[in-house]
Structures are given as structure tokens and as C-alpha cells.
Amino acid sequence: MSSPPILSAPPILSAPPDTVRPAPSPRARWADVAKGACIVLVVLWHVIVKHYLRIEWHLGVPLPGVWGTLGEQLLPLRMPLFFAISGLFAANAVARPWRSVARPRIARFLYLYAGWLLIHTVLLAAAPGFPTDRATSAPGLLAELTVTPSNLWYLYALALYFAIAKAASRIPPPVLLAAAAVLSAAAVGLLATPGNRGGVYQNLVFFLGGLYLRPYLLRWVETATRRRLLLTALGYAAALVGMAGADAQGWPGVWLLVSVAAVAFGLTAAARVARWRRAGDALAALGRRTLPVYVLHLPLLALADRVLLGPLSRLGRAGQLPLALGYPVLLTAALLGLTLALHRGLLALRAGWLFELPAPS
């Protein structure tokens, strides 16, 4: 069987076309759609768990619980799919000499992580009641910079994963994938996972899976059908139901298996949605601008929480009922728009160095 054609790699965490990075090839549209969907799910989850569920609801019906449950069901999808796509488009970089990986990949993501960690630490200090990881001391900040990453852990993990993939490039891929799978399984219930360290342990296998299983994943995307979309959706749903029915969320290896089913569904859905004009265009455009959304949405959410939590909690049932239905979607959409507008403003102020490693002088 011949290998599928090679796609041009879109930026993993990408900035608008008016910055230094070019727009991706149209043949990689499905990847931008997937990244756009993933960043929407990231923001939506943070809106739900860090703000929406903290509102004192006076409804008499469990609508907030429904939103919380929905967000939890999407946990096995959004970050594993994000990392699988990142690994899938990392193959060319990992195959190059160290100097071609160290600065544009490893150093870039470490620079973004460290810089935005400091910015978040300062900004979130003004919202001490906002429920998110933040350093409150010099030792805590050092820990977040090194061994226990903050909510910006995706950037930290990408730098680490590129370094691991490059350093271990001579190890047979099946051995690496097996070791990463064991680490992912052990991260649930067997290893200490303070902060967001668990996410780093759990998702290496998806990055390496994208890297080493690239031909198969591209073939999977290219041959996606509506029938497969239905079957993978049912498989993902069955895995979620089975995990919940057996109360197996804390069993080592179960989260990994459910996430594999979720990624199979996510890749299929992205391939199908990419063929739709309006939804595909919107998600692909967002998928090319994930970095500013990722680094900017939490401070803006903390501000919204500080301003809106009290007034929304004091509303009566008549005022809260319509909010309980659609508020997470509305706030998520507002945060997406605000982050992109703020990013454009920062670029206009020549602050592009916030979003890209400056070129060496």
C-alpha cells in the first residue's frame, strides 16, 4: 500500500497570517479545523469549571450539572487530539539536525511558556479567588517553571516532547510508544501528579503516536466517511459509558483507552467538518490563531469572574434560567473574540515578541 501524500505542516500553536508564520496549505485544512475545535473546547472547559459552576444557581433543576458533565465527557478528546496533531506534523522537524529543532521548537515553546507564566502570575495575583494554578511564592514559581507546570502546560509539554522525540530518535518507535503508554496509564492512580504534571505524563503517547503513526493517521483522515464518523462517535460514547458504569475513571490505562477512541473520533470529525464551507472556514481560521487564545483567555476569564460572579449569583430564578442554558457558550464566544482582538492590538503596538521567539541579533 502506498503512503498517503505528505501534507504541509501548519504551525502547532499558530499566530495570524500577518505575523512571521505563513498560512498553512489548504491540504492541511482538516488539521486547522481540529485545532480550532480543540481550542474552543479548552476555553469552554475553563469557562465551565472555573466560573460557571461557581455561580450560586437558584434554579430547582440541575442545568449547571449538565454542563459540568458535558465538559467532563470531552476531557479525553481535546488535549489528546491536540497533541496527536502536534506530533503528526512534527515528523520533519524531528528528522532534522538538533540545531533545526532546538531553537524553532524547543527554545520557542520554553520561551513562550516562561514568558506567559510570568505574565499570568502577575495578572492573576489581582484575582486571588479565581480557581486556577498560580505561583504565590518564589519557590512556587520555580516549581511551575521546572517540574509542575501551570495551566500553560501545553507549551511546556511541547518543548519537552520535542526534546524527548529528538533525543530518543534511535530507539525503535514501538519501544518508545509502549513506554509512553505505560507512563500514561501510570499517571492515573499510580504516580504523583501535582498541578498539571499528570497531563504531561498522559499525553506524551499521543504526541509520539502522531509522530510515528503519521502515515496511518493521514490515511485515516483522507478516507474518513460519514459511516466512520457515526461508528467512531458511537465507540467514543460507548467507552465513556463503560468507564462511568464501571466507575473506572481512576483505573490505570482506562483513560488512555477512552482517549484513543476519542482521538479516532476527533480525526474523523475534523476531516468531515473540513469539507463544510461555513463551519469548516470558521474553525480553520480559529485553528490558525490558537496561540493568542490559549495564552490570553485565562486572565480575561479571571476578570470576567471577578466582575460577574456576584451579580449573577444574586439574580433570581427568572433571570438565571436563560443564562444557565446558554451562558457557557456565550462567554466562550466572547472570550474567543476578545483574545483575538487583544492579540491584534498587541501586534499593532509592536508586541509581537510576546507571541514569537525573537530572531537572534
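Biologist: Is Lys-35 buried or exposed?

Modeller: In this predicted model, Lys-35 is buried, with a relative accessible area of 2%. Asp-32 also counts as buried, at 1% relative accessibility.

Biologist: With which residue does Asp-32 form a salt bridge?

Modeller: Side chains of opposite charge can pair when their charged atoms come close. Here Asp-32 pairs with Lys-35, and the closest N and O atoms are 3.5 Å apart. The two residues are 3 apart in helix α1, so about one helical turn separates them. Asp-32 and Lys-35 also belong to a network of salt bridges that includes Arg-288.

Biologist: How many salt bridges does a search of the whole structure find?

Modeller: The search finds 5 salt bridges. One of them joins the side chains of Asp-281 and Arg-29, at 2.8 Å from N to O. Asp-281 lies in helix α13 (residues 278-287) and Arg-29 in helix α1, so this pair ties together parts that are 252 residues apart in sequence. Asp-281 is partly exposed, with a relative accessible area of 39%, and Arg-29 is partly exposed as well, at 24%.

Biologist: Which residue forms a salt bridge with Arg-108?

Modeller: The partner of Arg-108 is Glu-356, with the closest N and O atoms 2.9 Å apart. This pair links distant parts of the chain: Arg-108 is in helix α5 (residues 99-124), while Glu-356 is in the segment after α15 (317-348), 248 residues apart. Arg-108 and Glu-356 are both buried.

Biologist: Let us turn to the nonpolar core. Which residues have the most contacts inside the largest one?

Modeller: In soluble globular proteins, nonpolar side chains tend to be buried together. The largest nonpolar core in this model has 109 residues, and those with the most contacts inside it are Trp-30, Phe-83, Phe-162, Leu-208 and Val-295.

Biologist: What is the volume of the largest pocket?

Modeller: Rolling a probe the size of a water molecule over the atoms shows where empty space is left. For the largest pocket, the computed volume is about 790 Å³.

Biologist: Which residues lie nearest the centre of that pocket, and how many line it?

Modeller: The lining comprises 28 residues, and Trp-45, Leu-75, Arg-78, Gln-202 and Trp-255 lie nearest the centre of the pocket. By type, the lining residues divide into 13 nonpolar, 11 polar and 4 charged. At least two residues of the lining come from each of the helices α1 (29-50), α2 (63-73), α3 (75-88), α9 (197-212) and α11 (226-245).

Biologist: Finally, the backbone. What is the phi of Asp-247?

Modeller: Asp-247 has a positive phi of about 50°, although it is not a glycine. Its place is in the loop between α11 and α12 (254-273). At 58% relative accessibility, Asp-247 counts as exposed, since exposed means over 50%.

Biologist: Where is Arg-350 found, and what is its phi?

Modeller: Arg-350 is found in the segment after α15. Its phi is near 65°, again a positive value in a residue other than glycine. Arg-350 counts as exposed, with 74% relative accessibility.

Key:
Residues are numbered from 1 along each chain as its sequence is written. This is a predicted model: local features need pLDDT of at least 70, side-chain atom pairs count only at pLDDT 80 or more; totals for chains, interfaces and linings use all residues. Side-chain values use heavy atoms; hydrogens and water are left out. On a 1 Å grid over the protein atoms alone, a cavity is a set of points where a 1.4 Å probe fits but cannot get out, and a pocket is an open set with protein on both sides within 12 Å along at least five of seven lines; lining residues have an atom within 4 Å of a point. Grid points are joined across faces, edges and corners, and a volume is the space filled by probe spheres set on the points. Helices (H or I, at least four residues) and strands (E, at least two) are DSSP runs, numbered from the N terminus. Ala, Val, Leu, Ile, Met, Phe, Trp, Tyr, Cys and Pro count as nonpolar, Asp, Glu, Lys and Arg as charged, and the others, Gly among them, as polar. A nonpolar core is a set of buried Ala, Val, Leu, Ile, Met, Phe, Trp, Tyr and Cys residues joined through side-chain atoms within 4.5 Å. Buried means under 20% relative accessible area, exposed over 50%, partly exposed in between (1.4 Å probe, protein chains only). A salt bridge is a side-chain nitrogen of Lys or Arg within 4 Å of a carboxyl oxygen of Asp or Glu.
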